[in-house]
Amino acid sequence: MAKPVSIEVWNPNGKYRVVSTKPMPGTRWINLLIEQDCRVEICTQKKTILSVEDIVALIGDKCDGVIGQLTEDWGETLFQALSRAGGRAFSNMAVGYNNVDVNAANKYGVAVGNTPGVLTETTAELAASLSLAAARRIVEADEFMRAGLYDGWLPNLFVGNLLKGQTVGVIGAGRIGSAYARMMVEGFKMNLIYYDLYQSTRLEKFVTAYGAFLKANGEQPVTWKRAASMDEVLQEADVISLHPILDKTTYHLVNKERLAKMKKEAILINCSRGPVVDEVALVEHLKQNPMFRVGLDVFEDEPYMKPGLADMKNAVVVPHIASASKWTREGMATLAALNVLGKIKGYPVWDDPNRVEPFLNENARPPAASPSIVNAKALSLPVSKL
Ligand SMILES: NC(=O)C1=CN([C@@H]2O[C@H](COP(=O)(O)OP(=O)(O)OC[C@H]3O[C@@H](n4cnc5c(N)ncnc54)[C@H](O)[C@@H]3O)[C@@H](O)[C@H]2O)C=CC1
Ligand SMILES: O=C(O)C(=O)CO
């Protein structure tokens, strides 16, 4: 028998019961739900990661929709429980949905939402921050200052890498990977090499045009190359940032053999999902190659780090905060709530998940649609032509 969970209730007489497994930033998402006759229940349990059992208890006997988090295991048990409670709507408050078994959701006819776009630039900015922190050894230098070890300028003190003119490698040049590439190319005049299953024509056009602009102004132009293989990126790039989705094809994409292909002084950034990198192999590589650096926002067994990682001076580690700006997190909450609301109200699915701005305008009513439902096709949900 699951333990009772603590909840905060908004609009107790609302017709539709929507549960959020966590308090989320802002109030717009709550207001949008209660304006449409939803009773909103927010789990306030002081426990970071809820178990499946906790969430089954939250769902209870009658539940129309759930907004959940990437830390939760949304599989057969939860979709069955939600379906039994009459619910047909779930949304992750995240763009990544590797924690969700979409086939199980399809089986129970539950729509699965995610939150693309609103976090693209924020996540790319954190990847860029980690790239700089690793290249210029900012965390090591900060610790040195605070320890009272600085006794004067020295020619060899915390010498790092200059980014300008070097090559940035992007693996997974989708929304976030492309935004990161643009930042590094435009901001630091790096050349680009990328690997993706699909061609990123917009990104290529951007680098071509920026290169032409630099040339016209008497500066060294930047260049781009679409690599035929991931290994080509690993061998050629000085800074490599990982931005693919996590699935069977990207699990341990960066392993011992691939780490060995990278330059000895390369920088590896991971703001995608921890299991994209074999973290045990990474710790060993960091030990063997002190000039190799990493910037990690995500870890294989979150919230834990593999043994030895925390001791590595050539690693910058932050706790999965890449999308953590106020505007973005409030926007993610809004998109997640609107995904669930749209399904409850029988609205169609928005036709372009790469263009969700109309849902984020606080001064206007959002479109009557679910912004992003990943299994819309499998469930034959109508698509909006608004
Ligand atoms: N650290 C954090 O807080 C955040 C992490 N993320 C992660 O970033 C991921 C990417 O997000 P978006 O850019 O919005 O998604 P997206 O779908 O626009 O981009 C993913 C790209 O990866 C490519 N890809 C898929 N399999 C690949 C493979 N085997 N090799 C190379 N490329 C491959 C796809 O073709 C696509 O272009 C999310 O799925 C999520 O896991 C997203 C937001 C915040
Ligand atoms: O959105 C995601 O996928 C995250 O990891 C958190 O923003």
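Which oxygen-bearing ligand lies 2.6 Å from an N or O atom in the side chain of S323? It is ligand 2, through one of its oxygen atoms.

1. Basis of the note. The model is predicted; local features require pLDDT of at least 70, side-chain atom pairs count only at pLDDT 80 or more, and totals for chains, interfaces and linings use all residues. Residues are numbered from 1 along each chain as its sequence is written, chains are lettered from A and ligands numbered from 1 in the order in which they are written, and side-chain values use heavy atoms, with hydrogens and water left out.

2. Besides S323, at 2.6 Å, the side chain of R273 places an N or O atom 2.7 Å from an oxygen atom of ligand 2. H320 also contributes, with a polar side-chain atom 2.7 Å from a ligand 2 oxygen. On its own ligand 2 exposes 230 Å², of which the protein buries 89%; accessible areas come from the Shrake-Rupley method with a 1.4 Å probe, and for residues only the protein chains shown count as cover.

3. A residue is near a molecule or strand if one of its heavy atoms lies within 4 Å of it. The residues around ligand 2 are L70, A94, V95, G96, L119, R273, H320, S323 and M332. By class this shell has 5 nonpolar, 3 polar and 1 charged residues. In that scheme Ala, Val, Leu, Ile, Met, Phe, Trp, Tyr, Cys and Pro are nonpolar, Asp, Glu, Lys and Arg are charged, and the others, Gly among them, are polar.

4. Ligand 1. The shell around ligand 1 holds 26 residues, the closest being R175, I176, D196, C271 and D297. These 26 residues divide into 12 nonpolar, 10 polar and 4 charged. Backbone N or O atoms lie 3.4 Å from a ligand 1 oxygen at G174 and 2.9 Å from one at R175. H320, already listed around ligand 2, has a polar side-chain atom 3.2 Å from an oxygen atom of ligand 1. The protein covers 89% of the 860 Å² of accessible area that ligand 1 has on its own.

5. Cysteines. With a disulfide taken as a pair of cysteine sulfur atoms within 2.5 Å, the count comes to 0. For C38, the nearest cysteine sulfur is that of C63, 11 Å away. C38 is buried, at a relative accessible area of 0%, where buried means under 20%, exposed over 50% and partly exposed in between (1.4 Å probe, protein chains only).

6. Helix α5. Helices (H or I, at least four residues) and strands (E, at least two) are DSSP runs, numbered from the N terminus. Helix α5, residues 120–135, has 16 residues and reaches 22 Å from its first C-alpha to its last, close to the 22 Å expected; the expected span is 1.5 Å times one less than the number of residues. Among the buried ones are T120, L126, L130 and A135. Just after α5, R137 takes a positive phi of about 55 degrees.

7. Backbone geometry to inspect. Most residues other than glycine have a negative phi, and most peptide bonds are trans. F158 has a positive phi of about 45 degrees, in the loop between α6 (138–146) and β7 (167–171), and is partly exposed at 21%. S380, in the segment after α13 (357–360), has a phi near 50 degrees and is exposed at 61%. A cis peptide bond with omega of about 10 degrees joins E302 and P303; P303 lies in the loop between β12 (293–296) and β13 (315–317).

8. Buried polar residues in loops. H243, between β10 (239–242) and α10 (256–261), is buried at 11%, and its side chain makes a polar contact of 2.8 Å with that of S241. D64, in the loop between α2 (52–59) and β4 (65–68), is buried at 15%; its side chain reaches the backbone nitrogen of R17 at 2.7 Å.

Note on methods
A polar contact is a pair of N or O atoms within 3.5 Å; within protein, one must be able to donate a hydrogen and the other to accept it, and residues adjacent in sequence count only if both atoms are side-chain atoms.
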